[in-house]
Amino acid sequence: MRWSKILAMAAIILAIAALGITAAVPLPIFKDVAWLPWANQTILGLDLQGGVHVVLEAKDTPSAKVNDETMKRAQAVLERRINETGVAEPVIQRQGERRIIVELAGIKDPEKAVIDLIQPAYLEFKNELGQTIITGADLKDALEARDPNSGQVEVDLTFTKEGTGKFAQATTANVGKPIGIYLDNKLLQNPVVEEPITHGQARITGYESLEEAHTIAILLRSGALPVQLNVMEKRTVGPQLGQDSLDRSINAGIVGLVAILVFMIVYYRIPGLIADLALIFYALLVLAIFIGIHATMTLPGIAGFLLSLGMAVDSNVVIFERIKEELRTGKSIRSAIDAGFRRGFVAVFDSNATTLIAAIVLYYFGASMIRGFAVTLSIGILVSLFTAITLTRWLLHLTAATNVVKDPRYYGA
Amino acid sequence: MFNFIEHRKIWYIISLLLILPGLFSMVTRGFNLGIDFTGGNLVEVRVEQGVKIEQVRDVVEGLGFAASNNIQKSGTTDYIIRTRELTEDESATLISTLERKVGEVNLLRNDRVGPVIGRELTVNAILSLLIAAVLMLVYITFRFEFKQGVVTIVALLHDLLVVLGVFSIFQIEVDSAFVAAILTIIGYSINDKIVIFDRVRENSRMRKKGESVEDLVNISLWQTLVRSLNTGMSVLFVLLTLYFFGGTTLKTFILALLIGVVIGAYSSMLNASPLWVDLKLREKKAAAK
């Protein structure tokens, strides 16, 4: 027995165990450390916490043509609208010439969010003859409020300097006549002008709740959409389904992992145990990389991860079968390990490379959900090449060097 | 020792028997295309205990959104409703009407897909399959040899046809996850083929005089058999746990992978390698002439 090697082995096992425990178990001594357990730092995709993925396409209308400039403005309006609602880490992306992809995760009512998002929010004040006197473009600010006396909910509008001038002029010209307030061509109110309004303020009333007024105020503040946006594709996941999927994935992951771990030990004994250590480290490393690069974990992403876990096992299986063969030819344990790795490596490398090719193609041509799958699969393959080859080999040598187990039978012979 | 190569005609016939019914079904009946291809909405709701399917159907039909056979119960309190494409306002109407008629409704998911998306999905899927196939052929030619690349692609096509066939015969709904599954099967089942050809490559370097191609491949198959079975089993473990514990949204994806992994292992051993032997023997014959 070589005690130094045994100690080294014990240290490694402890280190991996510590990494694993700090990842998943909330420890009372660390309860003030905000980032522990660190697995909780994973950014969850909208399919795991509820949310919506929507592809919007701009359509030409008689009044507005789609071009690069209007698309940029439309994107800016969407960004303002989303930021005002305070959604964490939204995705707002141009795709091609006339599409914008929006992803909102962790929101309570994804369906309503989409309705608000695509609302043109084109505000107009029109005189009796139907002529437009002022539009939302002249707005400086819009705020919801509750009238302290009547309790009536309203949206208070403040016009820009230029708008104030226009509004003063129009109200002066229309005393005693009605001025209609239209939102998206729908008449909201039709108040009669009592006297000229020169302070540049107006209000819209008639809302049922402060929340409703709040939404309208946000829309008006963010400005009108310069083009008409239509929903091409929408994937809404309710918070309940997101939670269900997350719980189930974690369960499936644990059951699958344990099944593999048990299988490896039963079938390959000492090397199986080593491979299990390497696999646990592998799983933790992939998770850490994921958190490190701020990647979003989605349901297809988890599937890709589990598949790469299968590939990592395969790498070990290929090599261990080789080691067995070498042992059968009468080689010593240590030279059998070396020969097994040397000969198995080529097969492992080639088979992983071809899968990596498929994953990369998938990334370039797949829809955004499939991309998550391709990303985890690729990261998983690259990491597994490291853990299954380098780490497992090093650990196996270390184990052999401890001289605790000398019988080749425990190495599969 | 059982000779895999000697009996290769049997494996070819089995493969044909696996492919032909599926092919026939694909031509005559096609696929049960989901909304990802056809366009439309898929709404999944969780309702209170005791709500009957007829109640849900009445609401959907009353609004004129869907045909009655497109409402499906999933689990005890969940319903999957397939409709024509609904605007955002129509979706909201559907939910509020349901709430009025059957009580509390928890919207689990609402997928809306426009008709253009389906076309794009199909085009992208075919394009990525072709590109992946070409890249793999190039890689295998570079690392192994061209003929092994060709039989690998043929075997992959075989895997693809079997999976497509099963989905057509049983009219299992095909969606965008299925497309991803097909590409994954390609990426995964190529592993088996590569590991075997790697062994063939290594063995042919140390080939004894007078050893035939058939024997060479047969020995390689035997040497990689345990690995193929063990790896196949561990992947099946993972997939089966995902299938039974993994939630409804991934079911089609996992099912396609399950079929693909099994059929991929079969074609790696009993299609790709024997076909390569046939190509090699033909090469020899041509040289002898």
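These entries go through the salt bridges I looked up.

Entry 1. I am working from a predicted model. I ran the search over the whole structure, and it returned 42 salt bridges across all chains.

Entry 2. I looked up K72(A) and found its side chain in a salt bridge with that of D68(A), at 3.2 Å from N to O. Both residues sit in helix 3 (residues 68-85) of chain A, and their spacing of 4 residues is about one turn of the helix. I checked the accessibility of D68(A) as well: the value is 40%, so I noted D68(A) as partly exposed.

Entry 3. Next I took E326(A), which has a salt bridge to K331(A) with 2.7 Å between the closest N and O atoms. Are the two partners buried or exposed? E326(A) is buried, at 4% relative accessible area. K331(A) has 36% relative accessibility and is therefore partly exposed.

Entry 4. In chain B I looked up D159(B) and K193(B), whose side chains form a salt bridge at 3.2 Å, N to O. D159(B) belongs to helix 6 (residues 146-169) of chain B and K193(B) to helix 7 (residues 176-205) of chain B, so this pair ties together parts 34 residues apart in sequence. I noted both D159(B) and K193(B) as buried.

Notes. Residues numbered from 1 in each chain as written. Chains lettered and ligands numbered in written order. Predicted model: local features only at pLDDT ≥ 70, side-chain atom pairs only at ≥ 80, totals over all residues. Heavy atoms only, no water. Salt bridge = Lys/Arg side-chain N within 4 Å of Asp/Glu carboxyl O. Helix = DSSP H or I, 4+ residues; strand = E, 2+ residues; numbered from the N terminus. Buried < 20%, exposed > 50% of the residue type's maximum accessible area, 1.4 Å probe, protein only.
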